Amino acid sequence: MFTVSKSVFIVNTKDGIAMHERAVQAAVQAAIEKAKKDELLTPKQVHADYGFSPQLLANWRWCSTGPDFIKLSPGRGGRIKYRRSSIESWLEAQTVKVGGQRAA
């Protein structure tokens with residue numbers, strides 16, 4: 001969960017107000033996108049958003065493959081989270097170009 005606040009400043013000209021409101025909207029949208037990329041997901045949320053089952057994710061962790069993850073508590077039953085940005089970058093690295101070459 002995240003919150004975004006915005007400040008609005010009054011500008012004397014009509015065009016100035018419209019331009020400023022667009023700039024504020026763009027800044028808010030950029031903040032929302034950044035927050036989404038840094039969002040922490042449980043294995044169940046990863047499954048819902050990307051289709052990788054919690055068991056597959058556990059197998060990848062065991063084999064030291066798959067996307068980077070965060071272990072929030074020690075031990076076998078420690079809580080696992082994934083950053084959305086880590087999953088996205090891992091998926092990008094797995095993308096194969098036509099001709100069998102990995103994407104840069």
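**Questions on a predicted model**

Colleague: Ala58 lies in helix H3, and the model is a predicted one. Does Ala58 count as buried, partly exposed or exposed?

Modeller: Buried would need a relative accessible area under 20%, and exposed one over 50%. The relative accessibility of Ala58 is 26%, so Ala58 counts as partly exposed.

Colleague: How far apart in space are Ala58 and Ile80, C-alpha to C-alpha?

Modeller: Along the sequence, Ala58 and Ile80 are 22 residues apart. Both residues line the largest pocket.

Colleague: Where in the chain is Ser64, the residue that has a positive phi without being a glycine?

Modeller: Most residues other than glycine have a negative phi. Ser64 has a phi of about 60 degrees. With a relative accessible area of 68%, Ser64 is exposed. Its place is between strand E2 (70-71) and H3, in the loop.

Colleague: Which residues of helix H4 are buried, and on how wide an arc do they lie?

Modeller: Helix H4 covers residues 84-94, and its buried residues are Arg84, Ser86, Ile87 and Trp90. They share one side of H4, because the arc they cover around the axis is only 160 degrees.

Colleague: Which residues does Ser86 contact, leaving aside its neighbours within four places in sequence?

Modeller: Ser86 lies in helix H4. At 18% relative accessibility it falls under the 20% limit, so Ser86 counts as buried. With those sequence neighbours set aside, its contacts are Pro67 and Asp68.

Colleague: What distance in space separates the C-alpha atoms of Leu40 and Ser86?

Modeller: Leu40 is in strand E1, residues 40-41, while Ser86 is in helix H4. The two are 46 residues apart in sequence, and the distance from C-alpha to C-alpha is 9.8 Å.

Colleague: Which residues is Leu40 in contact with, once its neighbours within four places in sequence are left aside?

Modeller: Leu40 has a relative accessibility of 38%, so it counts as partly exposed. Beyond those neighbours, Leu40 is in contact with Gln45, Ile70, Lys81, Tyr82 and Arg83.

Colleague: What pattern of helices and strands does the chain follow?

Modeller: The chain has four helices and three strands. Taken in sequence order, they give the pattern α-β-α-α-β-β-α.

Colleague: What share of the accessible surface belongs to carbon and sulfur atoms?

Modeller: Of the 104 residues, 17% count as buried. The accessible surface of the chain is about 8,200 Å², and the share of carbon and sulfur atoms in it is 56%.

Colleague: Of the contacts between residues at least 6 apart in sequence, what share joins residues at least 24 apart?

Modeller: A contact here requires heavy atoms within 4.5 Å. Among contacts between residues at least 6 apart, the share that joins residues at least 24 apart is 44%.

Methods
Residues numbered from 1 in each chain as written. Predicted model: local features only at pLDDT ≥ 70, side-chain atom pairs only at ≥ 80, totals over all residues. Heavy atoms only, no water. Helix = DSSP H or I, 4+ residues; strand = E, 2+ residues; numbered from the N terminus. Buried < 20%, exposed > 50% of the residue type's maximum accessible area, 1.4 Å probe, protein only. Areas by Shrake-Rupley, 256 points an atom, 1.4 Å probe, with all protein chains shown as cover. Arc of directions from axis to C-beta. 1 Å grid on protein atoms, 1.4 Å probe; cavity = no way out; pocket = protein on both sides within 12 Å on 5 of 7 lines; lining within 4 Å.
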